[in-house]
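Open the model in your viewer and keep the selection tool at hand. The tour goes from one stop to the next, and each stop says what to select.

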Amino acid sequence: MWIDTHCHLDALDAALADAAAARAGGVALIVIPSVARTNFAPVAQLAASLDGHAVYALGIHPIYVPQALPGDLIALRSAVEAALQDRPDPRFVALGEIGLDFFVPALTGPEMREKQEYFFREQLKIARDFALPVLLHVRRSQDVVLKHLRQIRPAGGIAHAFNGSLQQAQAYIDLGFKLGFGGAMTYPRALQIRRLARDLPLDALVLETDAPDMAPCWLHGKSKNSPAQLPAIGAVLADVRGIDLIEIAQATKANALAVLPRIGPG
């Protein structure tokens, strides 16, 4: 019934147990993004081990860009080519997690910002060349990310943990993107995010946990997030929008399948 469009399942201590709990709670599929060259193979292997319950994406996260080397981009292109052409893997669905982070102080100096933008653009080119959607990390960088997306057009994707303006949201939608909402939306004081969740078109929204991070309010300070929390996060979205939970589940699942077409019909 539910699709978790962004979950770092490989970073959870009990990944298989957490995935099983999510499945028992109605989460039909988990999308596992990679963050660095070192976990390209682990996320693919984890997705394969979950017997149709998980798919994966390959990419270099902006927080890992400081340690990244040009050869990592070559390795990424090779891994994508292998997953699509040499040894086709139906579980491979997107490029990600990629993007820009202008929040972390160590990433905001001129040299590191330039390196971030270089790695982002080069990964967008890979996505464009292979007609892949992208899973975007966008933190205090909405307009710069949008600028690069307009110049190098991938096949749509998801703006993960969206927290921009309505105008920026429409810009992503116009470029073929869906907008990811998760634990941050569950906090009553997150008024801007809740307004976005309420007012944006339902066909633009997907759900995510970002587990083990971005815990919903009921886990704050208690335990790490997990994909099993997705139905409860969906219930918050239903409440914010004032519509039936089943409608939220069906719509967000359909949106995820539309923006990540390699998943198949579901």
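In the residue classes used here, Ala, Val, Leu, Ile, Met, Phe, Trp, Tyr, Cys and Pro count as nonpolar, Asp, Glu, Lys and Arg as charged, and the others, Gly among them, as polar. The model is predicted, so local features need pLDDT of at least 70 and side-chain atom pairs count only at pLDDT 80 or more, while totals for chains, interfaces and linings use all residues. Residues are numbered from 1 along each chain as its sequence is written, and side-chain values use heavy atoms, with hydrogens and water left out.

**Stop 1: the second largest pocket**

Select Phe 40, Ala 41, Ala 44, Tyr 56, Leu 58, Ala 79, Ala 82, Ala 83, Arg 87 and Asp 89, which line the second largest pocket. A pocket is an open set of points on a 1 Å grid over the protein atoms alone, where a 1.4 Å probe fits, with protein on both sides within 12 Å along at least five of seven lines; lining residues have an atom within 4 Å of a point. By class, this lining has 8 nonpolar, no polar and 2 charged residues. Its volume is about 200 Å³ (the space filled by probe spheres set on the points, which are joined across faces, edges and corners).

**Stop 2: the largest pocket**

Next, select His 137, Arg 139, His 160, Asp 210 and Met 214, the closest to the centre of the largest pocket among the 32 residues that line it. The volume here is about 660 Å³. The lining has 16 nonpolar, 10 polar and 6 charged residues. Now colour strand β5 (134–139), which gives the most to this lining, with 3 residues. Strands (E, at least two residues) and helices (H or I, at least four) are DSSP runs, numbered from the N terminus.

**Stop 3: helix α5**

Select residues 142–151, helix α5. Which of its residues are buried (under 20% relative accessible area, 1.4 Å probe, protein chains only)? They are Gln 142, Val 144, Val 145, Leu 146, His 148 and Leu 149. These buried residues pack against β4 (92–101), α4 (110–129), β5, α6 (166–174) and β7, where contact means heavy atoms within 4.5 Å.

**Stop 4: Thr 209**

Select Thr 209, in the loop between β8 (205–207) and α8. Is Thr 209 buried or exposed? It counts as buried because its relative accessibility is 0%. Leaving aside residues up to four places away in sequence, Thr 209 touches several residues, including Asp 4, His 6, Cys 7 and Met 214.

Key
Buried means under 20% relative accessible area, exposed over 50%, partly exposed in between (1.4 Å probe, protein chains only).
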